[in-house]
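Biologist: I'm new to reading protein models. Could you walk me through a few features, one at a time?

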Amino acid sequence: MNAEEALMRLAHTPRLLIALDFDGTMAPLGDEPMAVRALPAAQTAVAGLARLPETFVAFVSGRTLADLRVIAEHDDASVVHLAGSHGAEYWHPADAAGQHEARTSAPEEDSAPGAVLAPRNDPRAEPEGGADAAAVLTAAEAAVAEIDGAWIEDKAYGFGLHTRLAAPQDARRAHELVDEMMSETAPQWRRRSGRDILEFSWRHEGKDAAVAALRESLGATAVLFAGDDVTDEDALASLGPDDVGVRVGAGETVASVRVDDPAELAEMLARLARMRAAAQE
């Protein structure tokens, strides 16, 4: 099935979920993580889809929920659902049908008027058993302290090693040092590798679980998921026969559709919005 046939099938499904990775998918990758923003064309396409009846949009990212809201320019009036930290944190519009079950455990102080900020537990809670999260973070920072261009990002449930600004040999050395440290200190943590990033988390959720949770809570009859990196392949592999997976850019993939870059994905999403609007007339 080609891309146009896949989009036409999605256009006619009764209840559609469009789940999108953000970095490299909605937005080009950048050297400064917090400076990344979605392409204007992608923003317009998402807004057009989200306005349609029985059509839901979600960003599913490895970013923490707080950082995802910043780079997505996402406020409490947004109708876009969020799954952060690879599906360990959620945000839902207050009027969304069938809220995710995590809403019931959202800390009161984290809730904003007209919205639900719903981490499954306190983002700064310590892991049950095993290594101390703060100690692991300190050890990771020490491991790469002398490597130019390598730095550690403190994340809600672990950390990320960034090497985009490091020379190739320095990036490899940083990965080796952190892998060695983690094998000794916290071997039970989940390891994920991506473009110029190596992540470790004491929470084991993945984007496949995030997509499944969103599908169930929203009652979606079909899902389009798009992503650009290794960490998106779990979600792409979890899709069913009525769904469509899109790989953005190069790399091995199980996706049925491939586009070259975020700009081409934005064009595809805009076509889907037009096709679904016509199908609903």
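This is a predicted model: local features need pLDDT of at least 70, side-chain atom pairs count only at pLDDT 80 or more; totals for chains, interfaces and linings use all residues.

Biologist: How many residues of S10 are buried?

Modeller: Buried here means under 20% relative accessible area. In S10, residues 222–227, six of the six residues are buried, so the strand is largely enclosed by the rest of the structure.

Biologist: Which strands are joined to S10?

Modeller: Strand S1 (residues 16–20) is joined to S10 by five bridges, and the two run parallel. In that pairing, Leu-16 stands opposite Ala-222. Strand S11 (residues 244–248) also runs parallel to S10, with four bridges joining them. There you'll find Phe-225 opposite Gly-245. To get from S10 to S11, the chain passes through helix H7 (residues 233–238), making a right-handed β-α-β crossover.

Biologist: Now the other sheet. In what order do its four strands lie?

Modeller: The order is S6-S7-S9-S8, in an open sheet with antiparallel pairing. An edge strand pairs on one side only, and here the edges are S6 (151–155) and S8 (190–194). On average, neighbouring strands of this sheet are turned by 20 degrees against each other, ignoring direction.

Biologist: How many bridges are there between S6 and S7?

Modeller: Five, with S6 and S7 (residues 158–162) paired in the antiparallel sense. Look for Lys-155, which stands opposite Gly-158 in S7. Then find helix H4 (residues 133–143): it lies across S6 and S7 and runs at about 165 degrees to S6.

Biologist: And aromatic rings? What kind of pair do Tyr-157 and Trp-202 form?

Modeller: Check the angle between the ring planes: over 60 degrees counts as edge-to-face. For Tyr-157 and Trp-202 that angle is 75 degrees, so they form an edge-to-face pair, 5.5 Å centre to centre. The count of aromatic pairs here is three.

Biologist: Why does this pair tie together separate parts of the chain?

Modeller: Because Tyr-157 is in the loop between S6 and S7, while Trp-202 is in the loop between strand S9 (197–201) and helix H6 (207–218), the pair links parts 45 residues apart in sequence.

Biologist: Are Tyr-157 and Trp-202 buried or exposed?

Modeller: Tyr-157 is buried, at 3% relative accessibility, and Trp-202 is buried too, with a relative accessible area of 15%.

Conventions: Residues are numbered from 1 along each chain as its sequence is written. Side-chain values use heavy atoms; hydrogens and water are left out. Two strands pair if DSSP finds at least two bridges between them. Axes are lines fitted to C-alpha atoms, for helices over the stretch in contact, and angles run from 0 to 180 degrees between N-to-C directions. Contact means heavy atoms within 4.5 Å. Buried means under 20% relative accessible area, exposed over 50%, partly exposed in between (1.4 Å probe, protein chains only). A crossover is right-handed if, with the strands pointing away from the viewer, the path from the first strand over the helix to the second runs clockwise. Rings of Phe, Tyr and Trp (its six-membered ring) pair if their centres lie within 6.5 Å; planes under 30 degrees apart count as stacked, over 60 as edge-to-face and the rest as tilted.
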